[in-house]
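Biologist: Hi, could you walk me through this one? I'd like to start with the charged pairs and then move on to the core.

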Amino acid sequence: MKEINSALVPHEFEELQKYIMGHEIPWYHYEHLTYPPTLPEFNENHDKKRIEETKKLFSKGMTKEQQMYSHYMCHIVYINDKINSEFVFQKLKPLIDLINPITLIRIKINNYPQTPTVIHHQDHVDGNYKHKGALFYVNTNNGATVIENKEVASVENKLVLFDSSKPHHSTTTSDSNRRITININYF
């Protein structure tokens, strides 16, 4: 895992933050933050070791708090080998260029609502195959991401590079009206 503070130059970060924290970006509600109520389907392209790890994480289940706060808003920018949101993809270009991926798998922007206390979400993996992940924090708050049993604080303009095919989880925030992160999966 590698943390990069002040990842984007100030004017690029401020423009990106202003747009994402503004009123123009469309948000879509998702009921399940990590895994759906039933185990996902797997196919021959999935790594057998990762499938077993996913099954193990899934079998742990969720606490009542995790179930209550498992919903969030999301904006899918890139998925299934295509740009899903061209305007937002262009806004993210400085961040994508900084990461310099060989190829993209998925880009999504997560918008976690404020909760009375910080809630740790369920551990999960971002796909059942080995790949890289980049997590970019859009705003500063008391939420975190837990990677390799280490809490990474949500500090605006911080970029974290890690193996997102290994278990990790996010949290909510209790000191801000929302916690926003940009998640990029890539090779």
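Biologist: Is Arg106 buried, partly exposed or exposed?

Modeller: Arg106 counts as partly exposed, at 21% relative accessibility. Buried means under 20% relative accessible area, exposed over 50%, and partly exposed in between, with a 1.4 Å probe and protein chains only. Keep in mind that this is a predicted model, where local features need pLDDT of at least 70, side-chain atom pairs count only at pLDDT 80 or more, and totals for chains, interfaces and linings use all residues. Residues are numbered from 1 along each chain as its sequence is written, and side-chain values use heavy atoms, with hydrogens and water left out.

Biologist: Which side chain meets Arg106 in a salt bridge?

Modeller: That would be Asp126, at 3.9 Å, N to O. A salt bridge here is a side-chain nitrogen of Lys or Arg within 4 Å of a carboxyl oxygen of Asp or Glu. Asp126 lies in the loop between strand 5 and strand 6 and Arg106 in strand 5, so the pair ties together parts that are 20 residues apart in sequence. Asp126 itself is buried, with a relative accessible area of 9%. Helices (H or I, at least four residues) and strands (E, at least two) are DSSP runs, numbered from the N terminus.

Biologist: How many salt bridges are there in the whole structure?

Modeller: Searching the whole structure finds six. One of them joins the side chains of Glu3 and Lys158, at 3.2 Å, N to O. Glu3 sits in strand 1 (residues 2–4) and Lys158 in the loop between strand 8 (150–153) and strand 9 (159–162), so this pair ties together parts that are 155 residues apart in sequence.

Biologist: And what is the relative accessible area of Lys158?

Modeller: It is 5%, so Lys158 is buried, whereas Glu3 is partly exposed at 32%.

Biologist: What about Lys93, which side chain does it meet?

Modeller: Lys93 forms a salt bridge with Asp97, at 3.4 Å, N to O. Both lie in helix 5, four residues apart, about one turn of the helix. Lys93 is partly exposed, with a relative accessible area of 32%.

Biologist: Switching topic, how many residues does the largest nonpolar core have?

Modeller: It has 27 residues, and those with the most contacts inside it include Ile20, Leu92, Ile107 and Ile184. A nonpolar core is a set of buried Ala, Val, Leu, Ile, Met, Phe, Trp, Tyr and Cys residues joined through side-chain atoms within 4.5 Å.

Biologist: Which elements give two or more residues to this core?

Modeller: Among them are helix 1 (10–21), strand 3 (72–79), helix 5 (93–99), strand 5 (104–113) and strand 11 (178–186). Another core, of six residues, lies apart from it and includes Leu135, Tyr137, Ile147 and Val152.

Biologist: Where is Ile107, and what is it in contact with?

Modeller: Ile107 is in strand 5, and it is buried, with a relative accessible area of 0%. Leaving aside neighbours within four places in sequence, its contacts (heavy atoms within 4.5 Å) include His75, Val77, Phe89, Leu92, Ile182 and Ile184. Ile184 in turn touches Leu95, Ile99, Leu104 and Ala134, among others.

Biologist: Nice. How many helices and strands are in the chain?

Modeller: There are five helices and 11 strands. Of the 187 residues, 48% count as buried. Residues 24 or more positions apart account for 80% of the contacts with a separation of 6 or more.
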